[in-house]
Amino acid sequence: MVLHRIGAEVADPPGPLRGVRLTPRELEALLWAARGKSVWETAQVLGLSERTVKFHLQRACAKLNAQNKTHAVARVLARGLIQP
């Protein structure tokens with residue numbers, strides 16, 4: 001798994017997402033989504049409940065102003081915050 005800028009939070013990605021702060025868990029959930037994993041599969045990998053994974057994905061979508069999980073994944077991939 002490759003996450004860039006690992007820390008308590010990821011700060012200041014370039015472009016229109018400047019100032020967006022994604023937590024490591026939000027990035028992990030997006031990483032597994034980028035790899036084609038379902039919410040259930042992601043929950044199994046991370047040892048979380050499906051509800052918790054959905055929460056992290058919803059928070060990431062809101063912060064990224066993304067319409068859905070796929071849109072959020074595209075935004076973080078385009079900015080190099082994750083590599084699937």
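A crossing of two helices is left-handed if the near helix is turned anticlockwise from the far one by less than a right angle, and right-handed if clockwise. This model is predicted: local features need pLDDT of at least 70, side-chain atom pairs count only at pLDDT 80 or more, and totals for chains, interfaces and linings use all residues. Residues are numbered from 1 along each chain as its sequence is written, and side-chain values use heavy atoms, leaving out hydrogens and water.

**Exercise 1. List the elements of the chain in order.**

Solution. Start with the terms: helices (H or I, at least four residues) and strands (E, at least two) are DSSP runs, numbered from the N terminus. The chain has four helices and two strands. Their order from the N terminus is β-α-α-α-α-β.

**Exercise 2. Describe how H3 and H4 pack.**

Solution. Take the angle first. Helix H3 (residues 50–64) meets helix H4 (residues 69–78) at about 60°, and their axes lie 9 Å apart. Axes are lines fitted to C-alpha atoms, for helices over the stretch in contact, and angles run from 0 to 180 degrees between N-to-C directions. H3 is therefore oblique to H4 (under 35 degrees is roughly parallel, over 145 roughly antiparallel, 65 to 115 roughly perpendicular, the rest oblique).

Next, the handedness. H3 passes H4 in a left-handed crossing.

Now the contact (heavy atoms within 4.5 Å). H3 contributes Leu57, Cys61 and Leu64, while H4 contributes Lys69, Ala72, Arg75 and Val76. Sorted by type, five of these residues are nonpolar, none is polar and two are charged. Here Ala, Val, Leu, Ile, Met, Phe, Trp, Tyr, Cys and Pro count as nonpolar, Asp, Glu, Lys and Arg as charged, and the others, Gly among them, as polar.

**Exercise 3. Find the buried face of H2 and what covers it.**

Solution. Buried means under 20% relative accessible area, exposed over 50%, partly exposed in between (1.4 Å probe, protein chains only). In helix H2 (residues 39–46), Val39, Thr42, Ala43 and Leu46 are buried. Down the axis of H2, they fall within an arc of 100°, so they line one face of the helix. The arc is that of the directions from the helix axis to the C-beta atoms. The cover includes helix H1 (24–34), H3 and H4.

Just past H2, glycine 47 has a positive phi of about 70°.

**Exercise 4. Is threonine 42 buried or exposed, and what does it touch?**

Solution. Threonine 42 sits in helix H2. It is buried, because its relative accessible area is 2%. Leaving aside residues up to four places away in sequence, threonine 42 touches Ala29, Trp32, Lys37 and Val53.
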